[in-house]
Amino acid sequence: MNDILLRMYYCLPSCAVNVAASLYGYYQTRIRYGSLWERMVPVIEQRDGWTLDQWREYQNDRLMFFLKRAVTRVPYYRRLHECGRFPVEDVKSTDDLSILPILEKDVVRLNPRDFIADDCNPSKLISEQTSGTTGKPVLTFWTSATYQELFAIFEYRLRRWNGVKYGDNWCMIGGQLVVSQKRKRPPFWIWNHPCRQLYMSNYHLAPQFLDYYLDEIKARKIVYMLGFCSSMDVLAIHALERNRTDIKFEFAIGNAEPYLIHQRDRIEKAFQCETRDSYGCSEGVTHAYECAYGNLHLSPDVGITEFIGQNGEAVPPGEAGELVCTGLLNPDNIFIRYRVGDWAIAGDPGWQCQCGRSMPIIKKVEGRTADMIITPDGRRIGLIDPVFRGNLRIKEAQIRQVKAEEFVICCVPCTGFDDSDKSVIMNRFRDRVGCVKVRFELVDRIPRGNNGKFKFVVNECYQTLTRSEQPSVENSSRSGTLM
Ligand SMILES: [Zn+2]
């Protein structure tokens, strides 16, 4: 929507806003949940029973098709191939991918249409953009068919793995500014009737408004919630503080931000629900969904996920590596060995999860590449949320690395916070990071980024500390906007 339309939208009365949301919902239903989507959901379900060999065979076949299409139909790869810098002839399977160059995000950002196959009509493609943490989003393009396949994967692995389905009432809390930021009284949400979606604003979570949020969730009989983990946690803290036990739903699915352990504990307790994590990349080259046994399974039909170390080589399972992904879902907008901008730890290949699925595991998503702590002895640490686990009297926290050996821990205290909480946090932090200078600050609120996302770790000296290393992208693709 352009700025003028947006300003007009924010001036509409609430009932008209819901009509506008529902009209948009009809459009979403048409492009996402059509007849192909219906046919694809059982196909995705059947893949749950595939063995690791079946997945390998599927990935190899798709990779060969994508590589051939890339060098014959996609302008960027065709040029690289013609000048000998994209030797697809030497790639016989997914094991050989590392001979191809890594694609940096800035290259796509500068000319996104260079990655569209030339037998597509760009005016008929659906375009999506990443949330763009630095204000420079990446555009991606989808045919209606591929888009429905993408949503069939969401449907099966995000919803049906958890016993819920499209058509159930659900609540989304994400980065879209659905009501004017100036609004001072409810509603702070919109109801998208065709999608049965209550989209709640992430920008009005002030203490005086939180009961309105909880009342609306109750009134709409919400079955599951999906969204920024930090925002669901704000609601959970409020429900616990007010002893509100009247809000219950089945699942709270984390999206777009790492799910911190203490957030999960509080959300499960407050809403008497289970929590599930998900990991996605807006470019559609890697997805992962958590099963009932707490394991985050990669979706091999979305893409090939490599875990690359600082030397550019693959890291062994159990070690953190940067995600470099090759999309296998969208043959019309091809990204090969795309540096996503997040670090994660791979599970052991072939390890069998109790859920019975053989889809590989991500042990842990460490988070945004440029927002990892780099310890004085050179270790990189993404999520150190165990520092805040347990019954500490804090609402939120953020860790900032301001110099190589200097950190600031900012905490928003709960009632009853005292020095014993502070000392537990400081000790646990030093146990993990080492003997460093730490300043402890109590604050009223942790500021969110322009896209509404909460950052648990902020590294203010990342560029200085990594100047001698491989070039690295600055922003994560972690998706929070598609749903
Ligand atoms: Zn599993």
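Which side chains meet in a salt bridge at 3.9 Å, N to O? The side chains of E241 and K395 do. A salt bridge is here a side-chain nitrogen of Lys or Arg within 4 Å of a carboxyl oxygen of Asp or Glu. The model is predicted, with local features needing pLDDT of at least 70 and side-chain atom pairs counting only at pLDDT 80 or more, while totals for chains, interfaces and linings use all residues. Residues are numbered from 1 along each chain as its sequence is written, and side-chain values use heavy atoms, with hydrogens and water left out.

The protein chain is divided into domain 1 (3-278) and domain 2 (373-465), with bounds that come from an automatic or database domain assignment. Between the C-alpha centres of domain 1 and domain 2 the distance is 28 Å. Domain 1 gives 21 residues to the contact and domain 2 gives 16 residues, where contact means heavy atoms within 4.5 Å. About 1600 Å² is buried between domain 1 and domain 2, and 54% of this area lies on carbon and sulfur atoms. Buried area is the accessible area (1.4 Å probe) that two parts lose on being put together, summed over both. Of the area that domain 1 buries against domain 2, 31% is supplied by L260, I261 and H262, more than by any other three residues.

Across the interface of domain 1 and domain 2, one salt bridge is found by the rule. Two residue pairs in polar contact are also found across this interface, both at pLDDT 80 or more. A polar contact is a pair of N or O atoms within 3.5 Å; within protein, one must be able to donate a hydrogen and the other to accept it, and residues adjacent in sequence count only if both atoms are side-chain atoms. On the side of domain 1 that touches domain 2, helices α9 (229-241) and α10 (261-271) each supply at least two residues. Helices (H or I, at least four residues) and strands (E, at least two) are DSSP runs, numbered from the N terminus.

Side chains of opposite charge can pair when their charged atoms come close. The count of salt bridges comes to 35. One of them joins D118 and R73 at 3.0 Å, N to O. This pair links distant parts of the chain, 45 residues apart: D118 is in the loop between α6 (105-110) and β1 (126-129), and R73 is in helix α4 (residues 52-73). D118 counts as partly exposed at 38% relative accessibility, and R73 counts as partly exposed at 35%. Buried means under 20% relative accessible area, exposed over 50%, and partly exposed in between (1.4 Å probe, protein chains only).

D106 and R109 form another salt bridge, at 2.4 Å, N to O. These residues are separated by about one helical turn because they are three residues apart in helix α6. D106 is partly exposed at 42%, whereas R109 is buried at 15%.

A further salt bridge, at 3.3 Å, N to O, pairs D246 with K218. D246 lies in the loop between α9 and β7 (251-254), and K218 lies in helix α8 (residues 210-219), 28 residues apart. D246 has a relative accessible area of 30% and K218 one of 44%. Salt bridges that share partners join R69, R73, R78, D118, D119 and D332 into one network.
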